[in-house]
Amino acid sequence: MSNSEPVDQTSDPNAAEHERPQRVRVLKGAHAAFNEEFSSIPCKLRDISATGAYVVFEGGWFVPDRFMLHVDIDGYKIECERVWQKGSECGVRFIGGKIVTGKGRQQVLTPMPPSDASAQANDHTLARPASDGAASPRPATKPRSGGFGRRTR
């Protein structure tokens, strides 16, 4: 009798091939481009792995069988094939490699330092100013940039 460990007869030698890759939960905006990338549908990535993704499309769009998935925040696009669909949700398999489209945007959430007014409001040792019925002056605000909805020259 040998000292080797018993071999599990139920294990499949190809089991490593059938294991699912690690999925990562994400919430990223993307869009699916089709018709030689002349048409696109907005969508959201809900989870992603090395071989595919779970995608939720906005609205009741028709999802083509093959499309190019653009993930702008990460700066890449990848060719996909629809595997399943249930309503506006679908699972896709990546059939091509990642193509870098540009520098991805960095997504960082930083806490804002407390302003002097909120620090004073939280400090209970300060005495309240006497109220003479007059409205307090508004704090100075910085001018707005020419962002969304504003005409700039």
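What share of the contacts in the chain with a separation of 6 or more is accounted for by residues 24 or more positions apart? The share is 43%, where contact means heavy atoms within 4.5 Å. The legends below describe a predicted model, in which local features need pLDDT of at least 70, side-chain atom pairs count only at pLDDT 80 or more, and totals for chains, interfaces and linings use all residues. Residues are numbered from 1 along each chain as its sequence is written, and side-chain values use heavy atoms, with hydrogens and water left out.

**Figure 1. Elements of the chain and confidence in the model.**
The chain contains two helices and seven strands. Helices (H or I, at least four residues) and strands (E, at least two) are DSSP runs, numbered from the N terminus. Read from the N terminus on, the order of the elements is α-β-β-β-β-β-β-β-α. The predictor's confidence in each residue is given as pLDDT, from 0 to 100. Its mean over the chain is 75, and 58% of the residues reach 70 or more. Over residues 1-11 the pLDDT is below 50, and this stretch has zero contacts in the model beyond near neighbours in sequence. Where pLDDT is low, the predicted coordinates should not be read in detail.

A nonpolar core is a set of buried Ala, Val, Leu, Ile, Met, Phe, Trp, Tyr and Cys residues joined through side-chain atoms within 4.5 Å. Buried means under 20% relative accessible area, exposed means over 50%, and partly exposed lies in between (1.4 Å probe, protein chains only). Of the 153 residues in the chain, 20% are buried. The largest nonpolar core has 21 residues, of which Leu-45, Val-55, Phe-57, Phe-67, Leu-69, Val-92 and Phe-94 touch the most other members. Two or more residues of this core come from each of strand 1 (24-34), strand 2 (39-48), strand 3 (52-57), strand 4 (66-71), strand 5 (76-86) and strand 6 (89-94). Strand 2 gives the largest share, four residues. In soluble globular proteins, nonpolar side chains tend to be buried together.

**Figure 2. Surroundings of Val-92.**
When residues up to four places away in sequence are not counted, Val-92 touches Thr-51, Gly-52, Ala-53, Val-55, Phe-67, Cys-80, Glu-81, Arg-82 and Val-83. Among these, Val-55 and Phe-67 are also listed with Val-92 as core residues that touch the most other members.

**Figure 3. Strand 3 and its pairing partners.**
Two strands pair if DSSP finds at least two bridges between them. Strand 3 pairs with strand 2 in the antiparallel sense over five bridges, and a hairpin joins strand 2 to strand 3 through three residues. In this pairing, Asp-47 stands opposite Tyr-54 in strand 3. Strand 3 also pairs with strand 6 in the antiparallel sense, over five bridges. Here Gly-52 stands opposite Arg-93 in strand 6.

Lys-77, in strand 5, is buried because its relative accessible area is 17%. The side chains of Lys-77 and Glu-37 are joined by a polar contact of 3.4 Å. A polar contact is a pair of N or O atoms within 3.5 Å; within protein, one must be able to donate a hydrogen and the other to accept it, and residues adjacent in sequence count only if both atoms are side-chain atoms. Beyond its neighbours within four places in sequence, Lys-77 has contacts that include Met-68, Leu-69, His-70 and Thr-101. Glu-37 lies in the loop between strand 1 and strand 2 and is partly exposed, at 36% relative accessibility. Glu-36 is found in that loop too, but Glu-36 is exposed, at 71%. Most residues other than glycine have a negative phi, and most peptide bonds are trans. Glu-36, however, has a positive phi of about 55 degrees, and Glu-37 has a positive phi of about 65 degrees.

**Figure 4. Cysteines without a disulfide.**
A disulfide is a covalent bond between the sulfur atoms of two cysteines. Counted as a pair of cysteine sulfur atoms within 2.5 Å, disulfides number zero here. Cys-43 is in no disulfide, and its nearest cysteine sulfur, that of Cys-90, is 8.0 Å away. Cys-43 is buried, with a relative accessible area of 2%. Cys-80 is likewise in no disulfide, the nearest cysteine sulfur being that of Cys-90 at 8.6 Å. Cys-80 is buried, with a relative accessible area of 0%.
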